[in-house]
Amino acid sequence: RSCLALADSIARTSPTHALAYLTGATAALGLGDARGMAARLQQSQRMAPTEQWLARGRVELAEKARAAATPEPLDLEDAALALLVRSQSGIGAIAGRYVSQPDFRERITRIVAGLPVEDQARFVDWVGRAIRGTGT
C-alpha cells in the first residue's frame with residue numbers, strides 16, 4: 001500500500017513520470033486491483049510509448065496479470081512487444097521467447113505481421129539465430 005501511495009504521489013506531482021505509473025501498476029496488481037493496474041499501465045504507455053526499458057517492464061507486468069487483466073493492458077502489451085521487435089536491444093529477447101515458448105508464437109506472429117516488411121524479415125532472421133543458439 002505504501003508503494004502504491006508513493007507511486008501515485010509521484011505521478012500527481014510529475015504527471016509525465018512513466019516509471020511512477022508502472023510502479024503504481026505493479027503495486028496495484030500486488031493488491032489485487034486489476035482495474036487500477038490497467039489504468040496505471042495505460043498511463044505509463046501514454047507517457048513513454050517508445051522507452052524500451054519501460055516497455056520491457058510493461059510486458060512483464062502484463063504477462064503476470066494476464067489472467068486478471070482487462071483487454072487494455074494486453075493491447076498495450078502488444079504495442080510494447082512491437083516496440084521491442086523493432087528495437088536492436090529487444091528483438092533478441094523476443095525471438096528467444098518465440099523459440100522457447102510455443103504458446104507465445106501465435107500472438108507475436110500476429111504482431112510482427114503488422115510491422116513493415118523490413119522488421120518482419122529482421123525478426124525471422126533473429127528467430128533463426130535463436131534456433132541456432134547464436135543469438136547475436
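This briefing walks through the helices, cores, rings and contacts of the structure above. The model is predicted, so local features need pLDDT of at least 70 and side-chain atom pairs count only at pLDDT 80 or more, while totals for chains, interfaces and linings use all residues. Residues are numbered from 1 along each chain as its sequence is written, and side-chain values use heavy atoms, with hydrogens and water left out.

**The nonpolar cores**

- A nonpolar core is a set of buried Ala, Val, Leu, Ile, Met, Phe, Trp, Tyr and Cys residues joined through side-chain atoms within 4.5 Å.
- Here "buried" means under 20% relative accessible area, "exposed" means over 50%, and "partly exposed" lies in between (1.4 Å probe, protein chains only).
- In soluble globular proteins, nonpolar side chains tend to be buried together.
- The largest nonpolar core has 19 residues, and Leu81, Val85, Ile94, Ile108 and Phe123 touch the most other members.
- Helices α4 (52-64), α5 (71-86), α6, α7 (102-113) and α8 each supply at least two residues of this core.
- Helices (H or I, at least four residues) and strands (E, at least two) are DSSP runs, numbered from the N terminus.

- Contact means heavy atoms within 4.5 Å.
- Leaving aside neighbours within four places in sequence, valine 85 is in contact with Ile91, Ile94, Ile108, Val112, Leu115, Arg122 and Phe123.
- Isoleucine 111 has its place in helix α7, and with a relative accessible area of 8% it is buried.
- Not counting residues up to four places away in sequence, isoleucine 111 touches Asp78, Leu81 and Ala82.
- From isoleucine 111 to serine 89 is 22 residues in sequence and 18 Å in space, C-alpha to C-alpha.

**Aromatic rings**

- How many aromatic pairs does the structure hold? There is 1 aromatic pair.
- Tyrosine 98 and phenylalanine 123 have ring centres 5.8 Å apart and planes at 90°, so the pair is edge-to-face.
- The pair links distant parts of the chain, 25 residues apart: tyrosine 98 is in helix α6 (residues 91-100) and phenylalanine 123 is in helix α8 (residues 117-132).
- For the cut-offs, rings of Phe, Tyr and Trp (its six-membered ring) pair if their centres lie within 6.5 Å; planes under 30 degrees apart count as stacked, over 60 as edge-to-face and the rest as tilted.
- Are the two partners buried or partly exposed? Tyrosine 98 counts as partly exposed at 22% relative accessibility, whereas phenylalanine 123 counts as buried at 5%.

**Charges over rings**

- A charge sits over a ring if NZ of Lys or CZ of Arg is within 6 Å of the ring centre and within 35 degrees of the ring normal.
- The ring of phenylalanine 104 has the charged end of arginine 97 over it, 3.8 Å from its centre.
- The ring of tryptophan 126 has the charged end of arginine 129 over it, 4.5 Å from its centre.

**The two sides of α6**

- Ile91, Ile94, Ala95 and Arg97 are buried in α6.
- They cover an arc of only 160° around the axis (taken from the directions from the helix axis to the C-beta atoms), which puts them on the same side of α6.
- On the face turned away from this buried side, α6 carries the exposed residues Ala93 and Ser100.

**Two buried arginines**

- Arginine 40 is found in helix α3 (residues 34-47), and it is buried, with a relative accessible area of 16%.
- The side chain of arginine 40 makes a polar contact with the side chain of aspartate 8 at 2.8 Å.
- A polar contact is a pair of N or O atoms within 3.5 Å; within protein, one must be able to donate a hydrogen and the other to accept it, and residues adjacent in sequence count only if both atoms are side-chain atoms.
- Beyond residues up to four places away in sequence, arginine 40 touches Leu4, Asp8, Tyr21, Gly24, Ala25, Ala28 and Asp33.
- Arginine 107 lies in helix α7 and counts as buried at 12% relative accessibility.
- Leaving aside neighbours within four places in sequence, arginine 107 is in contact with Glu63, Arg66, Glu77, Asp78, Leu81 and Arg97.
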